[in-house]
Protein chains: 2
Amino acid sequence: MTLDEFSFIAQIRRTAAVTPEVAIGIGDDCAALDLPPGEQLLVTSDLLLEGVHFRCDWTSCFDLGAKAAAVNLSDLAAMGARPVGLVLGLGLPDRLDDADRRELVAGFIAEAEAFETALVGGDTCRAQQFLTLSVTAFGTADPRQVVRRGGARPGDRIFVSGTLGDSALALKYLGEGVSPEGSLARRHHRPTARVSLGRRLAAAGVSAMIDISDGLLADLGHILEASAVGAEIISGELPLSAPFRRDLAGNPDLLQLALTGGEDYELLFTLPPDRETAARRAAAECGVPIREIGRILPDREAFWLVAADGARSRPEQRGFDHFRA
Amino acid sequence: MTLDEFSFIAQIRRTAAVTPEVAIGIGDDCAALDLPPGEQLLVTSDLLLEGVHFRCDWTSCFDLGAKAAAVNLSDLAAMGARPVGLVLGLGLPDRLDDADRRELVAGFIAEAEAFETALVGGDTCRAQQFLTLSVTAFGTADPRQVVRRGGARPGDRIFVSGTLGDSALALKYLGEGVSPEGSLARRHHRPTARVSLGRRLAAAGVSAMIDISDGLLADLGHILEASAVGAEIISGELPLSAPFRRDLAGNPDLLQLALTGGEDYELLFTLPPDRETAARRAAAECGVPIREIGRILPDREAFWLVAADGARSRPEQRGFDHFRA
């Protein structure tokens with residue numbers, strides 16, 4: 001027997017932090033937030049479904065809650081916004097016991113607090129079979145510094161933060177029944193939203209930005225389409241972690257995971273040449289490595305992957321389709 | 001074969017309106033909204049799960065989409081807020097064809113536009129089996145006029161808008177395999193969010209307000225608990241529609257549906273005596289009937305239902321538990 005709905009909500013309410021922006025938190029028809037004058041409200045939302053986006057036997061409830069918050073904070077980061085609140089919808093199947101439910105919310109709240117923001121409201125109900133999480137995150141930004149997908153221009157350099165493919169490699173191993181090693185597993189189960197980096201890069205004047213959720217090529221494709229430009233990516237420049245490089249040495253096909261794997265939650269951005277110094281300083285200030293991996297081309301039909309031997313190929317997969325996956 | 005994800009999103013994007021508040025609509029990592037200076041952001045969210053909150057064989061996709069928007073707009077109404085945007089998360093099982101999907105979104109957008117607001121973003125993905133909708137709605141209000149649940153004081157009168165029990169009566173008939181008549185069915189499938197009334201009542205100085213989603217007694221219970229007061233409700237004063245009265249004449253037990261049935265989406269509010277004239281004028285201006293049904297008592301343990309013969313009883317059900325239902 002689990003806690004009833006109202007006791008569960010009361011428990012969440014006791015554990016949720018209240019930040020300066022929260023005028024009304026959990027427990028009324030709506031939450032109320034005070035936003036800084038002159039700033040724009042940024043909003044993003046994700047639905048996470050058991051069996052589609054995650055499996056309960058591969059992740060802990062705490063990590064799942066934390067990841068649900070992180071993937072939304074990552075979208076705020078990609079626009080250069082500062083998070084000011086999150087809401088969480090939970091559809092809970094009966095098999096989740098009180099400890100599972102508490103851990104799920106604890107992970108979500110811990111992730112929100114790590115970015116100085118709070119869970120401010122949501123909805124809880126019983127689900128028939130599949131655990132369902134729905135998250136909406138709010139942020140604010142100076143409207144002059146909000147970074148969109150459509151600002152990339154020919155001659156801009158293409159950069160990415162952190163390393164690529166680790167999450168997809170962990171997922172591949174999980175699918176094969178193999179436990180991925182700690183650092184890979186962590187990249188998959190506990191991605192880091194690059195919130196501080198995103199804000200600093202926005203201030204430094206990046207021309208377009210997106211977070212890598214569908215895979216480098218797919219998300220670069222979104223920037224190219226919105227900006228009506230083309231690009232070339234230098235395969236040898238892709239930033240790869242030590243465990244990824246080690247496994248890649250035994251199986252060169254794994255490179256595909258760094259190109260199309262998804263769920264990296266790194267920032268992909270384009271940089272006018274005169275902004276490079278400011279962007280590198282921004283990255284150094286938050287201790288996150290960034291790497292130049294290619295450049296924007298004027299021809300919107302151009303989309304090239306350049307191999308180590310200089311051979312140019314056209315990547316097949318440009319878009320990840322969530323209806324087909 | 002249905003449209004791929006990106007074609008579906010492009011289709012939604014073409015049909016969604018852009019209101020003055022929408023700085024960035026569908027198609028980037030986040031939506032961006034410009035809010036009026038000095039106003040507070042109000043946020044509410046609901047998760048709607050097939051088989052828990054709705055059945056696809058009882059409703060059209062258009063009505064379901066519209067209702068998903070309406071129930072969230074109703075929460076904004078209960079705080080006295082003006083809607084400025086909604087986001088929609090859709091988990092779509094394969095059996096929903098393109099026409100179903102289009103209708104679902106068309107209903108949602110139509111309902112948003114009826115309240116001069118817009119769908120600004122969201123998330124779409126494949127669902128394994130059950131259709132899942134997640135909605136978050138945003139509104140703004142002058143912080144001095146935001147109405148909470150906790151403001152009811154002894155001596156305040158308790159009012160409700162519209163009529164009670166129609167939606168629950170329609171649901172009862174649907175459960176028995178009987179088609180409810182048009183006006184009852186409409187109250188269940190296409191509830192009206194009392195947005196204009198909520199804003200005017202807030203300006204008129206109501207002391208506490210909530211929308212009736214869990215049933216009159218349960219939602220009154222939320223006001224009483226938050227306000228630390230008691231109440232008495234006069235059974236004979238409950239506002240009932242003509243079809244409800246007709247069926248009630250043959251089956252007096254149906255009165256329970258008006259007390260606990262839920263999904264009325266009417267406004268329940270408390271009114272200091274000196275605000276009654278202003279509140280009645282507000283209701284008349286938006287053409288929505290309001291009715292006094294009881295009063296607030298100082299003793300927080302007091303919760304009475306007064307029958308036509310003056311007999312007082314203590315209602316058993318005060319809270320609807322979404323985990324047990």
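1. Between domain 1 of chain A and domain 2 of chain A the count is three salt bridges. The model is a predicted one, and this count should be read with that in mind. A salt bridge also joins the side chains of Lys67(A) and Glu263(A), with 3.1 Å from N to O.

2. On the side of domain 1 of chain A that touches domain 2 of chain A, helix H2 (61-79) and strand S4 (82-92) of chain A each supply at least two residues. H2(A) gives the largest share of that side, namely 11 residues.

3. As for the extent of this contact, 20 residues of domain 1 of chain A are in contact with 20 residues of domain 2 of chain A. The size of an interface is often given as the accessible area lost when the parts come together. Between domain 1 of chain A and domain 2 of chain A the buried area is about 1800 Å², and carbon and sulfur atoms give 60% of that area.

4. The bounds used here are those of the domain assignment of chain A, which gives domain 1 as 5-145 and domain 2 as 157-313. Taken over C-alpha atoms, the centres of domain 1 of chain A and domain 2 of chain A are separated by 26 Å.

5. Which residues of H4(A) are buried? They are Asp166(A), Ser167(A), Ala168(A), Leu169(A), Ala170(A), Tyr173(A) and Leu174(A). Because seven of the 10 residues of helix H4 (residues 166-175) of chain A are buried, this helix is largely enclosed by the rest of the structure. The cover over the buried residues of H4(A) includes helix H5 (182-189), helix H8 (242-250) and helix H9 (255-260) of chain A. Following H4(A) is Gly177(A), which has a positive phi, near 80°.

6. Finally, how are the copies related? Two copies of a chain are related by a rotation about an axis and a shift along it. Here chain B is superposed on chain A by a rotation of 180° with 0.0 Å of shift along its axis, at an RMSD of 0.0 Å. This is the relation of a two-fold axis. Both copies use the same surface, in that 100% of the contact residues of chain B recur in chain A.

Notes:
Residues are numbered from 1 along each chain as its sequence is written. Chains are lettered from A and ligands numbered from 1 in the order in which they are written. This is a predicted model: local features need pLDDT of at least 70, side-chain atom pairs count only at pLDDT 80 or more; totals for chains, interfaces and linings use all residues. Side-chain values use heavy atoms; hydrogens and water are left out. Copies are superposed by least squares on the C-alpha atoms of residues with pLDDT of at least 70 in both. Contact means heavy atoms within 4.5 Å. Buried means under 20% relative accessible area, exposed over 50%, partly exposed in between (1.4 Å probe, protein chains only). Helices (H or I, at least four residues) and strands (E, at least two) are DSSP runs, numbered from the N terminus. Domain bounds come from an automatic or database domain assignment. Buried area is the accessible area (1.4 Å probe) that two parts lose on being put together, summed over both. A salt bridge is a side-chain nitrogen of Lys or Arg within 4 Å of a carboxyl oxygen of Asp or Glu.
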